[in-house]
Amino acid sequence: MSDDGLMQILATVVEEVKSSINRDINGAELLYTLLNAPWLQCLLKVYECLQRYLRSPPRPCMTCASGLSVQIMTDLKSVSKPSPEAVELFSLLKEPHLQALLLTHDAVAVKDYEPILPPLPDDLPDDEEAMRIVCLVKNNQPLGATIRRDEVTGEIYVARVIHGGLADRSGLLHAGDRLVEVNGCPVFGLEPEQIIQILANSQGTVLFKVVPITDRPVNNQTMLYMRAMADYCPLQDPAIPCADAGMAFRRGDILEIVDQTDALWWQAKKLPSTSACAGLIPSTSMLKRKQREVWWSQPYQPHTCIKTLSTVDEEEDIIAIDDKFVEPDEEAFESEELKEEENEFSTNFEGIFIPGFRRSLRLCRRRKAQNGGPVQFCSPRCPSSCYSALANPYEEVVRHQRHPEHPYRLIALMGPSGVGVNELRRRLIEINPKAYQGPVPHTTRPPKSFEESGREYHFINREQFENMLYHHRFVEYGEYRGHLYGTSVDAVKDVLKSGKICIIDIEPQAIESVRTHELKAYIIYVKPPPIEEMRQTRIGSLLLTNYYVNRPFKDEDFQEIEDAGRKMEALYCQFFDHVIVNDGLQASCVHLLTAVRRAQDEPQWVPAAWIRPTQQS
Ligand SMILES: Nc1ncnc2c1ncn2[C@@H]1O[C@H](COP(=O)(O)OP(=O)(O)OP(=O)(O)O)[C@@H](O)[C@H]1O
């Protein structure tokens, strides 16, 4: 680096920062003022001089210049015919001021000019506390540390240092350090609020005098990622130690937990994160405690900082209710159903029969919704607590990419009835029936003349069905007109084992049955577009009904789809891996195709239990 290299670099940096200010970049103004400060410029000049000195410190070439001049004069005297130059040199060296100069040179040359430090006093007390002076430059961001007062001793301690915050990045302040002074003001006996006031009033730099903690815990935590299963708002949480340091999150957000040292309050970042600074979030036990508080103390008024999770009752409201349902004549229905199923039987694409679109199975769900629940359509995994996954405020997740030789992930579509889940599913399968397939459902109804067991349905008797139910072999099941219908885990696995991508549509109750290590479901939520768009795109489309013929959409249908969609999203968005707004059919199909390929070929966040299965999973 040339002599004024550093100054040049500084000038360039100043120019850069100046142009950043014009672009309104946060913090640039502060940096500009700092770099332009005359004291910093002077300091840098001194620094450069010192650097030059360190590179080549001035050294004397000899320490006895006066002795050498005496030697030269003696030699010149012994020359018989000295040259005029020799005579001149002799007379110069003889001059008293030159001899004085050479003597001075010798005196300086032998001296050591390195700084001599004063000796340490002998009477230093052994228990003297090491103080640390920490100077932080305040800019617009918070200091990133909280303090607490020991109620017994009155001492003030650093309670928490926020990961990635100003204090943390300085590396000089740690949780447990005892605060002695802030900006020269002793803090002993002060209330934490008074100290915060001192900090708030200080401009530019803040000077802390601290006694560092002696046994600082080693942070050997590994990175942990969690999917939030509840919403949280620190500003509405009276229990949070410092609301400003809190981080709000919504269900489905992926959180990187950077610090779990505190059992009650973790530090986390929301992904994808642009901020270096973490925020405080309640730990699993803390959030569970809050949920319990809500449930026990205010069953009808949810705590404002967390949004309570769904209950079975709430969930039942999700499905659109066709209040115009009229029970048709059974026999007439049967014959119509037959006609319909004959039509469906012809859903035979390029010689491949496409199963899993049976009308009865879909009507099971409608029936349940319309009757308000007496007809079961339920997740059979855990009859007593369908919602155990919902009880956990966080779910540990890992980034996972399917191995090319492993089975495909199950694709589960979910959406309010009538939004177009089956239409999209059917179209996807028709695009490439050799790559995509639906599972063959089970039923206890007797086969019709044209039906083959294992093609339209697996025909089994009620006892066999109930046995499968007992062993949790159904993803979901329901009863319709006295017959049981269901989609079994094995039917899904059969498709996956055949090397195809299995695509099913599910009700919210089945989420837990498909989010397993075995099926690794990728859940796509089919979201209704705004009503006006539905009105325009559904002209000529027919809605599945309990009548003999499907009918065109009415305005009430769009409203019902929108309401049901909103409820479904509000309750289950944490489980959605992807969302497709079903406006134009063609665009939605392309979107679905892309999402399905990505689910199989690109890394995704999946529950850690799928990758490190525990005994229960
Ligand atoms: N994007 C779309 N544009 C136009 N019509 C659509 C679109 N999506 C679906 N449809 C039509 O809407 C009707 C209902 O769709 P679909 O049967 O797939 O609903 P669903 O979500 O499976 O609900 P259900 O199981 O209750 O029938 C069908 O006639 C379908 O062709």
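Biologist: In β9, which residue is the bridge partner of Arg 227?

Modeller: The bridge partner of Arg 227 in β9 is Ile 254. This is a predicted model, in which local features need pLDDT of at least 70, side-chain atom pairs count only at pLDDT 80 or more, and totals for chains, interfaces and linings use all residues. Residues are numbered from 1 along each chain as its sequence is written.

Biologist: What makes strand β7 and strand β9 a pair?

Modeller: Two strands pair if DSSP finds at least two bridges between them. Strand β7 (residues 224-228) and strand β9 (residues 254-259) have four bridges, in the antiparallel sense, and therefore they pair. Strands are DSSP runs of E with at least two residues, and helices are runs of H or I with at least four, numbered from the N terminus.

Biologist: Why is Thr 537 called partly exposed?

Modeller: A residue is buried if 20 or more other C-beta atoms, placed from the backbone, lie within 10 Å of its own, exposed if 12 or fewer, and partly exposed in between. Thr 537 has 17 C-beta neighbours inside 10 Å, so Thr 537 counts as partly exposed. Thr 537 is found in helix α17 (residues 531-537).

Biologist: Why are α4 and α6 called oblique to each other?

Modeller: Angles under 35 degrees count as roughly parallel, over 145 as roughly antiparallel, 65 to 115 as roughly perpendicular and the rest as oblique. Angles run from 0 to 180 degrees between N-to-C directions, and axes are lines fitted to C-alpha atoms, for helices over the stretch in contact. The axes of α4 (residues 65-77) and α6 (residues 96-109) cross at roughly 140°, and the two helices are therefore oblique.
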